[in-house]
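Hi there,

Here is the structure I promised to pass on to you. Have a look at it first, and then read on for what turned up.

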Amino acid sequence: MAPRLAPSSIAGLARRIDALVADFPATAAEVSVPDLLDDIGMLTHYLQYVAERMQERFAEPDDVGLAERAVLCEMAGAAEKIAQAQERLTSALAHATAGFRKELMLHSHPHLLNDPELARTIAAEKYGEAGICLRAAARQLGTTAVAGPRSAPAPPRVRPSRATSSVPVRR
């Protein structure tokens with residue numbers, strides 16, 4: 001029989017998501033491509049963690065009680081919000097990279113073609129949208145804890161030192 005989901009691991013994941021959102025850039029000037037890639041990768045890691053916990057529990061579905069099924073449904077809802085945030089950060093990445101910006105600006109606003117601040121501003125707005133989704137996911141995870149034995153701990157949050165973007169910006 002697979003171990004039940006531990007409240008500490010679910011709450012730990014919620015705390016890590018909150019910490020990730022707190023580390024998001026607050027201004028357009030703080031947006032960088034390497035950090036966007038790191039944050040997208042971290043959300044992938046969190047989604048994988050949730051999927052693995054759910055797979056462990058449903059390895060033997062007859063052992064999963066009604067209350068725990070409700071918790072797993074809430075975890076699936078939180079995973080959906082994490083995926084929505086990941087989608088927004090991926091969109092921010094597209095705006096922050098020079099090739100997409102050039103294509104976008106040529107068709108809609110040719111006079112803004114070489115305005116990297118606009119692209120960073122759009123990316124910062126996407127970060128804000130992603131933060132809203134992630135805070136909702138963290139709240140949902142925070143309310144889904146069930147009693148039971150300890151399971152695997154939540155994945156650690158590792159962020160390398162701030163690096164500058166290696167993507168050239170056209171001026």
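Which residues in H1 meet which residues in H2? On the H1 side they are Ser 9, Leu 13, Arg 16, Ile 17 and Leu 20. Their partners in H2 are Asp 39, Met 42, Leu 43, Tyr 46, Tyr 49 and Val 50. Sorted by kind, the residues of this contact are eight nonpolar, one polar and two charged.

Before going further, please keep in mind that this is a predicted model.

**The whole chain**

The protein chain has five helices and zero strands, so you can read its pattern along the sequence as α-α-α-α-α. There are 171 residues in the chain, and 40% of them are buried. The accessible surface comes to about 9,000 Å², and carbon and sulfur atoms account for 58% of that surface. Now take the contacts between residues at least 6 apart in sequence: 85% of these join residues at least 24 apart.

**How the helices pack**

Two packed helices are described by the angle between their axes and the distance between the axes. Back to the pair we began with: helix H1 covers residues 7-22 and helix H2 covers residues 33-57. Their axes are 12 Å apart, and the angle between them is about 170 degrees. Angles over 145 degrees count as roughly antiparallel, and therefore H1 and H2 are roughly antiparallel to each other. H1 passes H2 in a left-handed crossing.

What about H2 and H3: at which angle do they pack, and how far apart are their axes? The angle is about 160 degrees and the axes are 9 Å apart. H2 and H3 are therefore roughly antiparallel to each other, and their crossing is left-handed. The residues of this contact divide into 19 nonpolar, three polar and four charged.

*Gln 86.* You will find Gln 86 in helix H3, which runs over residues 66-96. Is Gln 86 buried or exposed? Its relative accessibility is 17%, and buried means under 20%, so Gln 86 counts as buried. Leaving aside neighbours within four places in sequence, Gln 86 is in contact with Ile 40, Leu 43, Thr 44 and Leu 47. Leu 43 is also one of the H2 residues that meet H1.

*Lys 81.* Lys 81 is in helix H3 as well. With a relative accessible area of 25%, Lys 81 is partly exposed. Which residues does Lys 81 touch, not counting those up to four places away in sequence? They are Cys 133, Ala 136, Ala 137 and Gln 140.

Tyr 127 is buried, with a relative accessible area of 2%. Residues up to four places away in sequence aside, Tyr 127 touches Phe 24, Pro 25, Val 31, Asp 35, Leu 36, Asp 39 and Leu 89. Tyr 127 and Ala 28 make another pair to look at: they are 99 residues apart in sequence and 9.6 Å apart in space, C-alpha to C-alpha.

Enjoy exploring, and send me any questions that come up.

Best wishes

Definitions and conventions. Residues numbered from 1 in each chain as written. Predicted model: local features only at pLDDT ≥ 70, side-chain atom pairs only at ≥ 80, totals over all residues. Heavy atoms only, no water. Buried < 20%, exposed > 50% of the residue type's maximum accessible area, 1.4 Å probe, protein only. Contact = heavy atoms within 4.5 Å. Helix = DSSP H or I, 4+ residues; strand = E, 2+ residues; numbered from the N terminus. Areas by Shrake-Rupley, 256 points an atom, 1.4 Å probe, with all protein chains shown as cover. Axes fitted to C-alpha atoms, helices over the stretch in contact; angles between N-to-C directions. Parallel < 35°, antiparallel > 145°, perpendicular 65-115°, else oblique. Left-handed = near helix turned anticlockwise from the far one by under 90°. Nonpolar A, V, L, I, M, F, W, Y, C, P; charged D, E, K, R; others polar.
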